[in-house]
Amino acid sequence: MNAARPSLILPDRPPDQVVTLDEYLRLEGYQALSKVLKDYSSQDVTQVVQNSGLRGLGGAGFPTGRKWIFLRNDAPFPRYVIVNTDEMEPGTFKDRVLVYANPHTVIEGLIIAGYTASAEKGFIFIRPAYESSAYRLEKALEEAKGAGFLGKNILGSGYSLDLVVHRSAGRYICGEAKGLIHALEGKRPHPNIEGHLTSQGLWDRPTIVNNAETLAFVPSILRNGAEWFRNLGKRPDAPGNKIYSISGRVNNPGVFELSFGTPLSEIIEEHAGGMCPGYEYKTCLPGGASTRYLSKKNYDIGMDFVSFEKLGHGHRFGTGAVMVFDHKTCLVGATLNLMQFFARESCGFCTPCREGLPYMRELLQLIENGDGKEEYIPILKTMSGQMSNAYCAFAPGAATPVMGLVEDFAEEIQEHISQKKCPFKP
Amino acid sequence: MQPEENLENLKQKIKVADHPRELAVEVMFTLQKHYGYLTDAALLEGAELLGMTPLELEELATFYDFIYRKPVGKYVIHVCDSTICWMLGHQSILDYLGQRLGIHPGGTTEDGLFTLLPVCCIGYCDHAPAMLINGKLYGPLTPQSIDSILEELRAACPIPQEGR
């Protein structure tokens, strides 16, 4: 382990080498679980997690400890815990690498979450494209069970938890927590559930849903303390570590576990090996497809929730999945591709999303083809704003890159319209 | 394990499940593996196993990308067409595959070996442009690598030449 940059959840070696149970135990694995079961009440665990400043790393950034507190002491049984490994946000592949390389840290985090919620059953919800990871997770569950960390009466504590891997069949909306609940229940995964999942989740019972990376940090927080974890971050308001996934026009795309708040420029230049030869940095989507294009002037921004909240103007940190675009790539074309994705992946449950996204896609297609008109620009802007009327966060997320294109890269749209063709095509 | 055994295991699992519907996707995957795709008969069989109406299961079957309600080839090629793969040459990859196989996206080769399906981000942006064939990752792709991949898969599954 690198002392200057401790890697908590991603092993310091090629990511396709799996951490076995033996190795995980040598790295103090399952010690947090054993400590928690022996000495900690549910409130104690929640308090430590809350003090650590850990936030949901699936994109929303909701404080993890606070989510757990929502589950009331007198809530009915059975209760459930779910780790969301659906990860279908374009550009995002951190959880794939994580659960494959170090499945036990996710499982230990999930068992601790289960204990905190007094859950009796848990699910690892995973997309079909990650079958090799699903297989690894199943093996790891067997190993954990064999070693007494899972199943009936865990480590003699009296607490029992059953965990299974649930394979999904591939749709983006299943990653939305409420859509995920319906998917698990064998229903069409529309996100139409009123109220909080912590009181009415799976089968209408209290349920905690966390992202895989979020849960993976929980064991190290409980082993070393909240204060220690906070200090790993670049700033007091960016506590802990974060896995960044970098893709696009860089020399060394991949995942990197770094201090939370590491500057974008450092991630691109030092860790991702800089831009490919012959290409200049133009912009990036900093946290997956539903974040806003980041202007060149923000190249040194700290990659964390608070830095983006301060930036305002609809900017969000998202998943920390940086998609790097170069000066030869057309942003109208890129946004059109994103809208093709979102229009296709819309579950179709509510009207603004089902009707609005294809409409925006058509306008972008016309502009890209050279058939665009000036009046399309304000329409795109209005339509993007209207997406906030959709039922879940999918449609406003989908509109975010469109809004960024219209407001920050308007000259590219103008060139398409005035030249009556895509200026990036010969 | 034989497909029949898989099905038997699944029946046992459904019997002891608190909520059999939780197994709906697993049932569809298993039947699909058994029959090659989710046939009409398989859909009825699955619905009965799960205690769902055929319509309820059809609602799921038609929703998901990796459930096939129409016949597919022995190898199903899911080519990623989302942002990073798009930027790094997805279109030329898709065109090349179509040309080599002599089919359009959505089609199946006459010998029943390959089906070509574009799909949204498969989460291998660090290997872009990328594709999955029967769940296995291939990428970053070039025309040369596609040639050798197709050749290898053909060799692994020789189709008997039928006489006229």
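I started with the polar contacts between chain B and chain A and counted 15 residue pairs, both residues at pLDDT 80 or more. I took a polar contact as a pair of N or O atoms within 3.5 Å; within protein, one must be able to donate a hydrogen and the other to accept it, and residues adjacent in sequence count only if both atoms are side-chain atoms.

The model is predicted: local features need pLDDT of at least 70, side-chain atom pairs count only at pLDDT 80 or more, and totals for chains, interfaces and linings use all residues. Residues are numbered from 1 along each chain as its sequence is written, chains are lettered from A and ligands numbered from 1 in the order in which they are written, and side-chain values use heavy atoms, with hydrogens and water left out.

**Side of chain B that touches chain A**

I looked up which elements of chain B supply at least two residues each, and found α2 (24–35), α4 (54–61), α5 (83–87) and β2 (114–119). Helices (H or I, at least four residues) and strands (E, at least two) are DSSP runs, numbered from the N terminus. The most comes from α5(B), with four residues. By class I noted 21 nonpolar, six polar and six charged residues on this side of chain B. Here Ala, Val, Leu, Ile, Met, Phe, Trp, Tyr, Cys and Pro count as nonpolar, Asp, Glu, Lys and Arg as charged, and the others, Gly among them, as polar.

**Contact and area**

The contact (heavy atoms within 4.5 Å) takes 51 residues from chain A and 33 residues from chain B. I read a buried area of about 3300 Å² between the two chains, with 59% of it from carbon and sulfur atoms. This area is the accessible area (1.4 Å probe) that two parts lose on being put together, summed over both. Of the area that chain B buries against chain A, B:Glu22, B:Phe63 and B:Met87 supply 22%, more than any other three residues.

I counted three salt bridges between chain B and chain A, each a side-chain nitrogen of Lys or Arg within 4 Å of a carboxyl oxygen of Asp or Glu. A:Arg96 forms a salt bridge with B:Asp126, and their closest N and O atoms are 3.1 Å apart.

**Sheet of chain A**

I traced an open sheet of four strands in chain A, in the order β3-β2-β1-β4, with parallel pairing. Two strands pair if DSSP finds at least two bridges between them. The edge strands β3 (162–167) and β4 (207–211) of chain A each pair on one side only. I read an average twist of 20° from one strand to the next. Strands β1 (residues 80–85) and β2 (residues 121–126) of chain A run parallel and are joined by six bridges; A:Val81 has A:Gly122 as its bridge partner in β2(A).

**Backbone entries**

I checked for exceptions, since most residues other than glycine have a negative phi, and most peptide bonds are trans.

- The peptide bond from A:Phe77 to A:Pro78 is cis, with omega near -5°; A:Pro78 lies in the loop between α4 (64–70) and β1 of chain A.
- B:Ala128 and B:Pro129 are joined by a cis peptide bond with omega about -5°; I placed B:Pro129 in the loop between β2 and β3 (131–133) of chain B.
- A:Tyr30 has a positive phi, near 65°, and lies in the loop between α1 (21–26) and α2 (31–39) of chain A.

**Chain B overall**

I listed seven helices and four strands for chain B.

Technical notes
Axes are lines fitted to C-alpha atoms, for helices over the stretch in contact, and angles run from 0 to 180 degrees between N-to-C directions.
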